[in-house]
Amino acid sequence: LHSHLLLCPHLPFFAFAVPSAGYILLLDPTTRHAPSWSRLPLPLPAALGGGAGYHHQAVFSPAAASAGLLAFLSDASGHKTLLLANPITRLLAPLPLCPTARLSPTVGLAAGPTSFIAVIAGDDLVSPFAVKNISADTFVADAASVPPSGFWAPSSVLPRLSSLDPRAGMAFASGRFYCMSSSPFAVLVFDVATNAWSKVMPPMRRFL
């Protein structure tokens, strides 16, 4: 974990993952004359990533990114596995299984100099054939503590009438994760310090 965080690029790159082809595209918008592109091998296990002659569906999909770390979530329903990957050093670290079984949850990631927080929210599997947006699980890791620690915090409860879209992802700022909810439209806010969610409703008719 510590080497992941120390070796993160910390550069304003945009990463576009292409799991079926086995690589990621990095866009550097800071070059003087024109944006530059780079192609790097996708840092997934050989049996899971793409490549020549590879025709099986990938079992991990890109889910979030922060401070040079990429997060890949397992596609299979149930207790999800989250893989953290550093595309520069090709280091790969799987987190412990998510404590709550889910189908297609929304993922958030916030990495700092010596720590990171990962959130997996919504799409709780209440039965093999039904899901509800009930809860979120948060993994907290700190490489600066002695000894280094990493654990799943107690699950938090989502606000009522939450409908998350995993394709929209989450944004992180000032100790809080933000994500969109629909039907009705709202912004969900997760305060990491209090492990609690809140909802910001827009000034519009509820069923528009």
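My notes follow in that order.

I am working from a predicted model, where local features need pLDDT of at least 70, side-chain atom pairs count only at pLDDT 80 or more, and totals for chains, interfaces and linings use all residues. Residues are numbered from 1 along each chain as its sequence is written, and side-chain values use heavy atoms, without hydrogens and water.

Sheet. I found an open sheet of four strands in the order β4-β5-β7-β8, paired antiparallel. Strands here are DSSP E runs of at least two residues, numbered from the N terminus, and two of them pair if DSSP finds at least two bridges between them. β4 (60–66) and β8 (91–94) are at the edges with a single partner strand each, so one side of each has no neighbour in the sheet. I looked up β4 with β5 (residues 69–74): six antiparallel bridges, with S61 opposite L73 in β5.

Cores. I took a core as buried (under 20% relative accessible area, 1.4 Å probe, protein chains only) Ala, Val, Leu, Ile, Met, Phe, Trp, Tyr and Cys residues joined through side-chain atoms within 4.5 Å. The largest has 17 residues, and L82, L95, L109, F116 and F139 have the most contacts inside it. β5, β7 (82–86), β10 (106–111), β11 (115–121) and β14 (135–142) each supply at least two of its residues. A second, separate core of 13 residues includes A110, V119, A121 and L164.

Pocket. I noted that 16 residues line the second largest pocket, with S61, P62, A63, P105 and P166 nearest its centre. A pocket is an open set of points on a 1 Å grid over the protein atoms alone, where a 1.4 Å probe fits, with protein on both sides within 12 Å along at least five of seven lines; lining residues have an atom within 4 Å of a point. β4 gives the largest share of this lining, three residues.

Conventions: Buried means under 20% relative accessible area, exposed over 50%, partly exposed in between (1.4 Å probe, protein chains only).
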